[in-house]
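Me: Got a model here and want to talk through some helix packing. Can you take a look with me?

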Amino acid sequence: MPLQDVRRRLPIVDALPVPKNRSFSRRDLGPVPKPTIAVWEFTLMCDHRCLHCGPRAGHARSDELTTDEAIALVHELADLGIGEVALIGGEAYLRDDFILVIRAIRERGMTSSIVTGGWGMTPERCAAAKEAGLMVMSVSIDGLEAHHDHVRNKNGSYKGAFRAIANARAAGMRVGANTQINALTVPDLAPLLDELTTAGIIAWQLQFTMVHGNGADHPELILQPHMIPELFEHLEVLADRCRERGIRFLPGNNIGYFGPNEQKLRWMQKKGGHYSGCTAGLVTLGIESNGQIKSCPSLGGPTNLGGSWREHGLRKLWEQSPEVTYIRERTVEDLWGYCRDCYYADVCRAGCTATAEPLLGRPGNNPFCHHRALEMEKQGLRERIELVSVAPDIPFANGLWQVVREPADADERARTGPVVIERPRVSRLVERLGPGYDVDPADYVVPKPTTPNETPVSSAVPTRKSAT
């Protein structure tokens, strides 16, 4: 049904309720936690083919929820206590009924937001979404124009994203941006902030590109753990600039942890506090476009799909599905490798599950950590990751990587080789809890050797020279 016809179906109301938001307190965390934000892949259909896309979006799933089913699910989200529903994709706006779902979200008193690449957020779509009740739009912009268009795999995408910001602001919406940090775009971050400031954003969320889905096929995009200390020096400067400009600086859950600038970087989220562990299945709920429920929008596959909403309903899956409740059950005994003996082990629990699991096969060990990288530097060491087994061609698929710990000094590194190699471990499908055990190398699907013109995974460095 064309957008203008769907728009005529919006219920006529005098006013919409004052919305709840995603804020939560410790009281919300137990004994059965109350989720406060649901991130909903409304359709897998997409007008981009991004090189880092976790769900490998492009075409709609064959069994996506109907409009009536989606609205019924909105009511169950409200009954469960959700404060904000964020529509993602794919591209949610490629289903014109997205405005009917936005209206249902708002009529039930929840905040309605959307994350988009912006290509098709025309003035007409923005006006319709605003009329429906859309409150916040976050536009994905991953570096300056050359790198953004490369990663987003679409010429003109950068300009389209900024058009979307302008269209949304003209429609009266609050607009933010979200940016994936990869090995190409670190030098882009400061000038990109200047462009975003001029465009009028109110918030900027950053996260590391993850090694799942399409990202697993592009190791040249992935930051190396030993790059993190220098990156965090840049992030501290960017956080100061955002504060000066009145922009909310929002590091994602996979950016951390416990470095000397932790409190400054998370000021807007924690008010001077610190990272307190993965919130998948505690505060956050993920929904796939066919109604599969999971604990986090960035987790997927059989390890993380809790079951079908159509079959079980939302509350039962949230309260009982072992795939959804995993984070509530795990302890420090599920950690392994360096993270098991870390000073911050009990509070951090190896950081973001959606980063650690696709990298090493199971959660519990995570080299993408500021504190860890600084501790390595004190010992004259560094860490890098190497791809040892390629990912299958399915949504949220992961390969397998190993963490190589070695001397920071290049000459010593050449002379002595690695100090420690932390190898990938078996999936939670094999052993649900505990530290697991190493995958048999005979089970690796060995990646192709790099050609002379390709950058080896272990040497992709975000310098200005490599970023041009």
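Me: What do the buried residues of H16 pack against?
Reply: They pack against helix H8 (228-245) and strands E11 (381-389), E12 (400-407) and E13 (420-422). This is a predicted model: local features need pLDDT of at least 70, side-chain atom pairs count only at pLDDT 80 or more, and totals for chains, interfaces and linings use all residues. Residues are numbered from 1 along each chain as its sequence is written, and side-chain values use heavy atoms, with hydrogens and water left out.

Me: Which residues of H16 are buried?
Reply: In H16 (residues 370-378), they are His370, His371, Arg372, Ala373 and Met376. Buried means under 20% relative accessible area, with a 1.4 Å probe and protein chains only.

Me: And what follows H16?
Reply: Gly380, with a positive phi near 75 degrees.

Me: New topic. How do the axes of H3 and H4 cross?
Reply: At roughly 25 degrees, coming within 8 Å. The helices are therefore roughly parallel, a label for angles under 35 degrees.

Me: Which residues make that contact?
Reply: Phe98, Ile99, Ile102, Arg103 and Arg106 of H3, with Ala128, Ala129, Glu131 and Ala132 of H4. Contact means heavy atoms within 4.5 Å. They divide into six nonpolar, no polar and three charged.

Me: What about the axes of H6 and H7?
Reply: They come within 10 Å and cross at roughly 30 degrees. H6 and H7 are therefore roughly parallel to each other too.

Me: Which residues are involved there?
Reply: H6 brings Tyr158, Phe162, Ile165 and Arg169; H7 brings Leu192, Glu195, Leu196 and Ala199.

Key. Axes fitted to C-alpha atoms, helices over the stretch in contact; angles between N-to-C directions. Helix = DSSP H or I, 4+ residues; strand = E, 2+ residues; numbered from the N terminus. Parallel < 35°, antiparallel > 145°, perpendicular 65-115°, else oblique. Nonpolar A, V, L, I, M, F, W, Y, C, P; charged D, E, K, R; others polar. Buried < 20%, exposed > 50% of the residue type's maximum accessible area, 1.4 Å probe, protein only.
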